[in-house]
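Here are my notes after going through this one. Have the structure open while you read.

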Amino acid sequence: MIASRQGVIAKQTSFVDIILRSSRGDTENIINGYSVFYSTTLCGEWFPYPSINNCPNSKDCEQYGTLTIPANTYVYITVKECDGTFIKFNAIDDSDECPANEGNYCYNYDECQGLEFDFNSGAVNKTISINVYIANGVYEGCPQEEEEEEE
């Protein structure tokens, strides 16, 4: 008689490293740095992206930090000036080069409004790059959505 063993095979979750590179528009007037935040649910809880330096403000495209996250997870990104103001930025998925100085994204997670940058973590390690937008020598904040007036 052959004995059989039944067991539960636990599903292993694989993880990937998402390297974030960041820069800001070219100006010498910026004093405050910026912080990057991420979430896996758009209107859920947001966390500081692990960073090498606290509130960097370099205009060079440098490594910001590395996030280890489950494979094939959607990740949302936003940026705040270190004084707490949500600011505009540009981003590119799977690139070592920081994108142009444009304000394509701006998301206020406190109000759950604006345009966030999102990407899928994928199945292998990769790099995401951002550029914090500078206009007229300063960071540009997220536009405020106007509330509808009741008649």
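1. Let's start with C55, which comes out as partly exposed because its relative accessibility is 25%. Bear in mind that this is a predicted model. The partner of C55 is C82, with the two sulfurs 1.8 Å apart. The S-S torsion here is about -115°, so this disulfide is left-handed.

2. Next, C61 bonds to C98, S to S 2.0 Å. With a torsion of about 80°, this one is right-handed. C61 sits in the loop between β3 and β4, whereas C98 is in the loop between β6 and β7, 37 residues apart. C61 is partly exposed at 24% relative accessibility.

3. Then there's C43 with C112, whose sulfur atoms are 1.5 Å apart. This pair ties together distant parts of the chain, 69 residues apart: the β2–β3 loop holds C43, and the β7–β8 loop holds C112. C43 is exposed at 54%, while C112 is partly exposed at 33%.

4. How many disulfides turn up in the whole structure? The search finds 4, and counting bonded cysteines along the chain gives the pattern 1-7, 2-4, 3-5, 6-8.

5. Finally, strand β1 (residues 15–24) has antiparallel β4 (residues 62–70) as a partner, through 8 bridges. β1 also pairs with β10 (residues 126–132), this time parallel, through 7 bridges. Have a look at I18: it stands opposite L67 in β4, and its bridge partner in β10 is K126.

Methods: Residues numbered from 1 in each chain as written. Predicted model: local features only at pLDDT ≥ 70, side-chain atom pairs only at ≥ 80, totals over all residues. Heavy atoms only, no water. Pairing = 2+ DSSP bridges. Helix = DSSP H or I, 4+ residues; strand = E, 2+ residues; numbered from the N terminus. Disulfide = S-S within 2.5 Å. Buried < 20%, exposed > 50% of the residue type's maximum accessible area, 1.4 Å probe, protein only.
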